[in-house]
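Hi there,

Here is the structure I promised to pass on to you. Have a look at it first, and then read on for what turned up.

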Amino acid sequence: MNKRIDRLAGFLLMLTLSCSFSGVASEALSVDFLASVEIDDNIGSAELQNDRESDWALTVGSVVTRNLVISERSALQLRGMAQLRDQQDFDDLDRLQVSGSVRYVWQPGLDFSSPWFEVMTELRGERYGESAIRDSWFAIGGLGIGQRLTDRLDTHLGYRYTSRDPREREIFDTDQQRLFLRADLRLSMSAQVYGLWSLVQGDD
């Protein structure tokens, strides 16, 4: 990675450390550290099989979440996130992503398996180390419904609409729609895995 990404990685480290320190005194404030590996068999979104190229990426980051209980059936969630992504081969896709979101959740029933509904909005910024033309701001809105199937397995069906303000509007789509289905499986109190299926219209 180049010098710009190295400096941004330092900022990410300071953010995670300061948030974990300040969250000790509040039960409603949680800090999570993330690490993931993603394999993409068509990283350029090519239509022809011969034009497809694959790559994998390592992503590390931190999420700070504040949950505010409004009533016994509803809550407000405030979340800030910073992630650093390192592509193995396509270095121009290395990026820093910073976002803040607000999510309102309502659960009409109080039993264990009662479904819940959400409305959310998010503001996100992305900066690329070797491809500044991709630098963008995003405004996101969405709806969702979820249900706990067991004490370890949750499911979530959602829709997101994204408006993008890129540096080069002539190159990138400025709007995206996404329908997704996600399943989260908790392995322990400190570890979980998830699966995600998405149908996307527009640049991803």
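This is a predicted model: local features need pLDDT of at least 70, side-chain atom pairs count only at pLDDT 80 or more; totals for chains, interfaces and linings use all residues.

E8 and strand E9 (residues 192–201) run antiparallel and are joined by ten bridges, and a hairpin of five residues leads from E8 to E9. On E8 there is also pairing with strand E7: eleven bridges join E7 (residues 153–166) to E8 (residues 175–186), and these two run antiparallel as well. Within this pairing, aspartate 154 has aspartate 184 in E8 as its bridge partner.

Now step back to the whole protein chain. Of its 204 residues, 31% count as buried. If you take the contacts between residues at least 6 apart in sequence, 48% of them join residues at least 24 apart. The chain exposes about 13100 Å², with carbon and sulfur atoms supplying 55% of that area.

Next, the charged side chains. Side chains of opposite charge can pair when their charged atoms come close. How many salt bridges does the count come to? The count is eight, and here are some of them.

Glutamate 38 forms a salt bridge with arginine 85, with 3.1 Å between the closest N and O atoms. Glutamate 38 lies in strand E1 (residues 29–40) and arginine 85 in strand E3 (residues 74–87), so the pair ties together parts that are 47 residues apart in sequence.

Another salt bridge brings together the side chains of glutamate 118 and arginine 103, at 2.3 Å from N to O. This pair links distant parts of the chain, 15 residues apart: glutamate 118 is in strand E5 (residues 116–128) and arginine 103 in strand E4 (residues 95–106). Glutamate 118 counts as buried, at 4% relative accessibility, while arginine 103 is partly exposed at 22%. Both residues also belong to a network of salt bridges that links Arg103, Glu118 and Arg160.

Finally, back to aspartate 184, the bridge partner of aspartate 154. The side chain of aspartate 184 meets that of arginine 182 in a salt bridge (2.9 Å, N to O). Aspartate 184 is buried at 11% relative accessibility, and arginine 182 is partly exposed at 27%.

Enjoy exploring!

Best wishes

Notes:
Residues are numbered from 1 along each chain as its sequence is written. Side-chain values use heavy atoms; hydrogens and water are left out. Buried means under 20% relative accessible area, exposed over 50%, partly exposed in between (1.4 Å probe, protein chains only). Contact means heavy atoms within 4.5 Å. Accessible areas come from the Shrake-Rupley method with a 1.4 Å probe; for residues, only the protein chains shown count as cover. Two strands pair if DSSP finds at least two bridges between them. Helices (H or I, at least four residues) and strands (E, at least two) are DSSP runs, numbered from the N terminus. A salt bridge is a side-chain nitrogen of Lys or Arg within 4 Å of a carboxyl oxygen of Asp or Glu.
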